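Have a look at the model first.

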Amino acid sequence: MSTIESADEAFLASFLEDYYAECDEHLAAIRRGLLVLESSLGQGQLDQNVVEEVFRGFHSLKGLSGMVGVKPAEQLAHHAESYLRLLRRKEIALNADALEAVIAATRLLEQVIAAWRRGEPLPDFAEMLARLSDLTASKAPAAAPPPPPPPAAAAAPAPAAEAPLAEEESRRLVAAFQMGKQAWQITFTPSRDLAQRGINVNTIRSRLQEQGELIRAAPIITPEGGISFAFLWATDADPSVLAQWAEDGIRYAPHLAVPAAAPAAAEVAAPAAAAVPAEAAAPAEVAAPAEAAIPGEAAAPTAGAGAVAPPGPSPEPAPPPITVSRPAAAALPTIVVRVDLARLDDLMQMVGELVISRARLEDNLRQMEPIAATIPQWHTLQETNLAMERQLRDLREGVMRLRLVPIGEAFERMQFAVRDLARDSGKSVALSLSGQTTEIDKYVVERMLDPLMHLVRNAVSHGLETPAERVAAGKPPQGRLALRAATAGDAVVIEIEDDGRGMDAGQIAARARAAGLIAADAELDMAGLLDVICAPGFSTRDEADLASGRGVGMTVVRDTVQELGGTLALWTEPGRGTRFTIELPLTLAIVDALIVSAGGQTFAMPQPAVREVLEVQPTALMAIENNELIAHRGGVLPVIRLARLFNLPDEPGRALYLLVIGAGLNAIGVAVNRILGQREIVVRAVTDPLVRVPGIAGATELGDGRVVLILDAQALARLHRETVGRGRP
Amino acid sequence: MPANGTNSEPYILFELAGTTYGVRSQVVQQMEMIEHITPVPNAPDFVEGVVFLRGQVIPAINLRRRFGFPKIPYDLRTRLIVVRTGGRTVGLIVDSAREFVPLDPATIQPPPEGVAGLSGHYLAGIATLGERLVLILDPDAVIGQEAGLTSPA
């Protein structure tokens, strides 16, 4: 591959990545807006801002897609935009059918872009285009397909450069004028040919910065739907320089200090803008450079309508009173930085390594204590160490917070799915969301999207009854589905609850027995029920049910939750409903752990899972059938020996340490041979199926390159229940 | 060093129980000497344990056990060949590994039925390199990419 081709590819590749990211944002805004519009159907006035936002979303998508050549997306967006334009101009009123079409179009757009990205065949969209055209056909002039981009020589100052200047920018502009510079509006339109010649927005930027001052730079969507870059540039370079750059995709026009009369001026060619100074009372303010110095600019104001200052630099030295209009009422964008999640991962890794290093430092200090305690600096050393621990914790939390996003984004995506599903299955669903601002790690939310969607689909498809069934059962015809999120200490709790028909434990148990998943006489409690429905291959429906779980779905839900270090719980009652509760740790990566040894191998047990640690003599253990128990706090505590559970050599005779996990009736003591210490560990996932074993939640490295496995308290408790149930030691 | 065949693909050759095997170098992420492997309780017999590589915890398969040979103690020549395929990264413990050779896929014969001692299951083919016989490994089969062994990713 030649260097030109690979540079071209690289340019296009990074362009595409940005494209997908931008599409996500625009689609999210469109979805939000459409849902608001839907709820205001038939309730009188539409919120113009919302209509505007949806319109702009489609408009941007159209332009972006056109630029990178994703024609199907461009067309879909274009047609949707046309409808929105009519709506925006109030030439038509919103009706349910039309909204339905736009919503469907949005969904199709998502699918098309996703398929494009994955290199898969695209879903058929011709029908959708026709449907959208129908919406606009009978109304005001149907939107024509976008006109071909104007020839490069034509001049039209970029709309963005006409936009009102921010205060900082106008200050710099004034300063530039005071130094005798001229101001230009530069528009650069990238193209493949230019990129091949090595000319892209960055080279243009550098060029401009070398020869003058770049006051403002912004990407814009041109009226034709393409992407260009608009610069406001102040320079004392000779204007003929600009003419030389015409070959490089650059168009330019003088920037006039008096703001353009109206937004419509954006589409008006330069002559009109140049005519403004003629009417303005203070032509002395205008630093309009000589129009005559712009050869070949067809639309350029060669007419020099009366207010042309003499060619060349230096306007009057007196500071012109520039009027700056404030930005329109549209919300000011918050300053955000888009960061690659991979970079945050790297950052997290670095913090993790810092944590390990500090822990080792602490170990060393502890070992030194006997001899070092007499050294005068000892206390300072210890204090510094403690301070570092505190600061590292803060740093850790700060970095973790960077990765947090509101869970509302995920919930919103489900709203769409619920609508469709409800309609397709003939049910009426009232979806209530709460806790949308609850923040959760971006990686966690990405992984949880599919599982959550699965649970939501289950609720609508299987959980909720049809309106007729509900009425017959004495319930309101509309089913209720609630999605809730809240933080609880170190974790985020997500609930998905429906008030539908609940699960029939008896029927599920029967199926489970028939499938050999549980013993013939076993009763199912909630935990057991959950285990059964999450077992691979289990399903209460025929394979024909495509809308949701086929035995694969729930397994993946639980696996994902566990992989993220969380827990899944079920509550259900026949006739009343079902609730899934998912608890996910906020702090993905670093936990405090007890380092223990059992059967000659070192393990780590996350501290939050341990309620107490007891030292016991083996003689204190009572053996009853195949269990071991110990008297504890007036009751008995079942004991499970880790070494035995893991088929490791036991060390009989030695004292045992019990890590008490679980609570109340579910408490058990995990017996280990030694407690080696306590430290913070960085949790690494163990994902490969070959080494996914029950009782192990992950792995860590204590600083010497050796892997130490992290115990899964919940799984150990469950394993114990199962082995007790089956009568194995 | 490289052959003149335009269709040659580079392969890494390793020794196991006296036989030479080859694996496409494209799937090989790295090769390491054996450092500490942490055993994983109740894992399949041929899984030696896990190691820590490039910030990731990956399983290490003892290829001798996988193929039904007796294990031998590690020595300075033992190598961990880390393969990456089907979205998984797994290490293979072999007796030694040193050579890189280009092989023309056209010279690779399908594994004959009933190759004694080995399920042809783990082989993608047999190649001749001069006078040597090289058994070509199927990394996906070795790490167990068949349905049922892996949960949906």
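Just past helix 17 of chain A, A:Gly516 adopts a positive phi of about 75°. Helices here are DSSP runs of H or I with at least four residues, strands are E runs of at least two, and both are numbered from the N terminus.

Helix 17 (residues 505-514) of chain A has A:Ile508, A:Ala509 and A:Ala512 buried, where buried means under 20% relative accessible area (1.4 Å probe, protein chains only). Down the axis of helix 17 of chain A, the buried residues fall within an arc of 100°, so they line one face of the helix; the arc is taken from the directions from the helix axis to the C-beta atoms. Among what covers them is helix 18 (526-534) of chain A.

## The whole chain

Chain A has 21 helices and 22 strands, and 46% of its 729 residues count as buried. For contacts (heavy atoms within 4.5 Å) with a separation of 6 or more, 70% are between residues 24 or more positions apart.

## How to read this

This is a predicted model: local features need pLDDT of at least 70 and side-chain atom pairs pLDDT 80 or more, while totals for chains, interfaces and linings use all residues. Residues are numbered from 1 along each chain as its sequence is written, chains are lettered from A and ligands numbered from 1 in written order, and side-chain values use heavy atoms, leaving out hydrogens and water.

Note on methods. Buried means under 20% relative accessible area, exposed over 50%, partly exposed in between (1.4 Å probe, protein chains only).
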